[in-house]
Amino acid sequence: MFRFDLQHESNGARRGVFRTPRGDVQTPGFMPVGTVGTVKGLTIDQVAATGADMILGNTYHLRLRPGHETVARLGGLHKMCGWDGPILTDSGGFQVFSLGALNKVTEQAATFRSHLDGSKIELTPEHSIEIQQALGSDVAMVLDHVIALPAEQAVVEDALARSIRWAKRCRDAADRPEQALFAIVQGGLDPELRRQCATELATMPFEGFAVGGLSVGEAPEEMYATTAVTTVHLPVDKPRYLMGVGTPRDLLENIARGIDLFDCVMPTRNGRNALAFTDDGPIKLRNAVHREDTRPIMEDCPCLACRHSRGYLRHLFNANEMLGPILLSHHNLTYYGNLMRQTRQAIEEDRFHAFAAGKLRGWGYEPMDAVA
Ligand SMILES: [Zn+2]
């Protein structure tokens, strides 16, 4: 029911289509994050208009509120939020990690306290799959053991070994053919551990593979290097998803290293904070320089924000009007969606490297080293 068609490669970048029962996902692609069953501030039609094929829901948050059983009784995540395309749910592993002192990991489970009411919750690999089945997502993720970087070698190795054992338990528990299961490669910044983890997971029947444990405090160059040493050990005929990443620069640098899918709160979170992404780098719309600026954020941008002047958008934020965050979230997701569309076209036309170099220069970065 799931298939990945790799259609073209250009300078290490891959152009493909991930086929799911609820529709095709064009890759490289970006998934807007709908943490609790909503992409914050936007209607589902507005999200679709940004060019997104697949959105993401957070298992941890939906488990706590409204509760996965309630979601199921409301008809599942698709029906509840009105999105009939594919949805990917994470496993809760990253949220458990981000709770820090509130969590404890044993071989059996990750135990944590709810950030809402302090109640104690035990998340086993099997329970994570059970929740994701109740939500009814099209792609489920295995539960992994995420750690902060930098970490001691023994800590990294322990988390990696546990993540592989938990991936097996998730594979055994996931028994619905209409729901794909992606494995998650861990291993910190160590190329040998990444190789071990990727190679071992690649022997198991997963529909896709994620690179996890990045964007947790390491430098961008360390992230890119780790992606490169991981993707070479993953099957070419399965989609590769870099979790929780990132800036527009991160997207292009990692696409050059063989990544197909991304998700990140960056476009929406920054949009709520008056920061707009453009080809000339980010713009802070609260700045006084925009006070009487009649230009849109970007000429030729089809989003809802770019029908208005920068001066009006600045005013909305200064007046704390809810329309400001809504419009900028829509602009930023449209910017990410267009970036992915342009990237796919550049790969198809064998000019990815020149395309990426032009974008990076516009954002103020050195063009990437030739890779692959
Ligand atoms: Zn716009």
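**View 1. Asp90 and the residues around it.** Once neighbours within four places in sequence are set aside, Asp90 is in contact with Leu56, Asn58, Thr59 and Met141. Keep in mind that this is a predicted model. Asp90 sits in the loop that links strand E7 (87-89) to helix H5 (93-98). It's a buried residue, because 31 C-beta neighbours fall inside 10 Å and 20 or more is enough to count as buried.

**View 2. Asp263 and its contacts.** This one is part of strand E15, which covers residues 261-263. Leave out residues up to four places away in sequence, and Asp263 touches Met31, Val33, Leu56, Met243 and Gly244. Leu56 also turns up among the contacts of Asp90. Asp263 has 23 C-beta neighbours inside 10 Å, so it counts as buried too.

**View 3. The two annotated aspartates together.** UniProt, in an unreviewed entry, lists Asp90 and Asp263 under "active site".

**View 4. The E9-E10 hairpin.** Here we move on to another part of the model. Strand E9 (residues 110-113) pairs with strand E10 (residues 120-123) in the antiparallel sense, over 4 bridges. To get your bearings, look for Thr111, which stands opposite Glu122 in E10. The two strands make a hairpin with 6 residues between them. In that turn you'll find Gly118, which has a positive phi of about 80 degrees.

Note on methods
Residues numbered from 1 in each chain as written. Predicted model: local features only at pLDDT ≥ 70, side-chain atom pairs only at ≥ 80, totals over all residues. Pairing = 2+ DSSP bridges. UniProt positions renumbered as here; feature names shortened; annotations may be inferred. Buried ≥ 20, exposed ≤ 12 C-beta atoms within 10 Å, placed from the backbone. Contact = placed C-beta atoms within 7 Å.
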